[in-house]
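Here is a short briefing for a reader who is meeting this structure for the first time. Please look over the sequence and the model before reading on.

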Amino acid sequence: MMTVVTEFFQNEFNEHVASVLRRELDAGRQVELTFNVFNVRLDPQMGVVTVQDELDPNRCEALDLAEFAGMVEERSRR
């Protein structure tokens with residue numbers, strides 16, 4: 001089974017999503033964004049990003065903020 005983060009990037013990540021995520025990451029704001037069925041919560045104060053599947057709230061994954069930002073940049077170049 002795919003992780004929630006992997007599924008988010010495979011199914012929802014596009015130019016618009018990348019732009020929104022980069023803008024919020026650069027601003028350093030704590031914010032919760034919803035892309036289709038995925039809730040992405042950026043918490044710069046804690047240095048964590050949480051990705052949750054809205055259809056199955058038990059499917060939730062937390063990542064280091066810097067690691068997530070790197071993933072966004074890497075996928076943006078593809």
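Which residue in E2 does Glu32 stand opposite? Glu32 stands opposite Arg41 in E2. The model is a predicted one, in which local features need pLDDT of at least 70 and side-chain atom pairs count only at pLDDT 80 or more, while totals for chains, interfaces and linings use all residues. Residues are numbered from 1 along each chain as its sequence is written, and side-chain values use heavy atoms, with hydrogens and water left out.

**The sheet**
- Four strands form an open sheet in the order E1-E2-E3-E4, with antiparallel pairing (strands are DSSP runs of E with at least two residues, helices runs of H or I with at least four, numbered from the N terminus; two strands pair if DSSP finds at least two bridges between them).
- The edge strands, each pairing on one side only, are E1 (31–35) and E4 (60–64).
- E1 pairs with E2 (residues 38–43) in the antiparallel sense over five bridges.

**Helices on the sheet**
- Helix H2 (residues 15–27) packs on the sheet and touches E1 and E2, and its direction makes about 175° with that of E1 (angles run from 0 to 180 degrees between N-to-C directions, with axes fitted to C-alpha atoms, for helices over the stretch in contact; contact means heavy atoms within 4.5 Å).
- Helix H3 (residues 65–76) also packs on the sheet, touching E2, E3 (48–53) and E4.

**The nonpolar core**
- The largest nonpolar core has 22 residues, and those touching the most other members are Phe8, Phe9, Leu21, Phe35, Val40, Val51 and Phe68 (such a core is a set of buried Ala, Val, Leu, Ile, Met, Phe, Trp, Tyr and Cys residues joined through side-chain atoms within 4.5 Å, where buried means under 20% relative accessible area with a 1.4 Å probe, protein chains only).
- H2 gives the largest share of this core, five residues.

Note on methods: Buried means under 20% relative accessible area, exposed over 50%, partly exposed in between (1.4 Å probe, protein chains only).
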